[in-house]
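I opened the model to look up its surface, its fold and its core. My entries follow in the order in which I made them.

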Amino acid sequence: MGRESPSDDSPKVAGSATPLAAVAQAFEELAGLLEAGSGDLRLAPFSDACSLVSILFDSLGLAFKFAEIEYVAKVNDLIEASKTHDTLNKIIDHDLENDTVRKQGSHSRNLRRVRLGLDLVKTLFELFPSSGGCSLKEAASNAYGQVCAPFHTWAIRKAVGAGMYALPTREQLIVRLNETDQSIQKEMRRFINACNPIIQYVDNLFLSKKISLDW
């Protein structure tokens, strides 16, 4: 089906919300759609919500520039795909029919990469240092190592490791996101809680079609 105008299911974000609060709200609404629906998540609201996450990569600076560029390109592909494919399920079925699930540039491969991007942000938030705790560099390095490093070449891993030294401090990131020490913890937890079922849903979609997650 076409998508001539924004979906009624698309996240509705308050104009006064901070960037992090806007992302958290969008994913709470997406998780609500998943819970209330038939279990078939529509691609339009999914890709709309995912598009808001790019600002979080941007706030981390040069160290996560690689992730921002790759993530934005993949999300834009899914936004375009939503004009002809209603649901996440349908784009995977389409690629299965054409034997292109793992092909570079396929919608299914891009969905897999967007899912990794969401997981990277979620894991960073889970490891986000409390005041006086570990450094943001340590938290980001651990998040990257857990989520993305297993799928990247040695050259990319080396470049990311070097870029970690350009990360903002914990306090600088809080300022960039227009949060306070208290509010950032609250908004990160909102995103984590809302993102968990979305990531699980995407994983289960692939697994239900006997597609492994090791790529």
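Surface. I looked up the accessible area: the protein chain exposes about 10,300 Å², and carbon and sulfur atoms supply 52% of it. The areas come from the Shrake-Rupley method with a 1.4 Å probe, and for residues only the protein chains shown count as cover.

Basis. I note that this is a predicted model, in which local features need pLDDT of at least 70 and side-chain atom pairs count only at pLDDT 80 or more, while totals for chains, interfaces and linings use all residues. Residues are numbered from 1 along each chain as its sequence is written, and side-chain values use heavy atoms, with hydrogens and water left out.

Charges. I found 24 positive and 27 negative side chains in the protein chain, with the centres of the two sets 6 Å apart. Lys and Arg count as positive, Asp and Glu as negative; His and the chain ends are not counted. Each charge is placed at NZ of Lys, CZ of Arg, CG of Asp or CD of Glu.

Fold. I read 10 helices and zero strands in the protein chain. Helices (H or I, at least four residues) and strands (E, at least two) are DSSP runs, numbered from the N terminus. The C-alpha trace spans about 50 × 40 × 25 Å along its principal axes.

Of the 215 residues, 51% are buried, meaning under 20% relative accessible area with a 1.4 Å probe, protein chains only (exposed is over 50%, partly exposed in between). Among contacts (heavy atoms within 4.5 Å) between residues at least 6 apart in sequence, 73% join residues at least 24 apart.

Core. Which residues touch the most other members of the largest nonpolar core? I found Phe27, Phe46, Val53, Phe64 and Leu118, in a core of 65 residues. Helix α10 (residues 181-208) gives the most to this core, with 12 residues. Such a core is a set of buried Ala, Val, Leu, Ile, Met, Phe, Trp, Tyr and Cys residues joined through side-chain atoms within 4.5 Å. Not counting residues up to four places away in sequence, Leu118 touches, among others, Phe27, Phe46, Val53 and Phe191.

Helix α2. Eight of the nine residues of α2 (residues 43-51) are buried, including Phe46, Asp48 and Cys50. Their cover includes α1 (19-36), α6 (107-127) and α10.

Thr100. Leaving aside neighbours within four places in sequence, Thr100 contacts Asp95 and Ser106.
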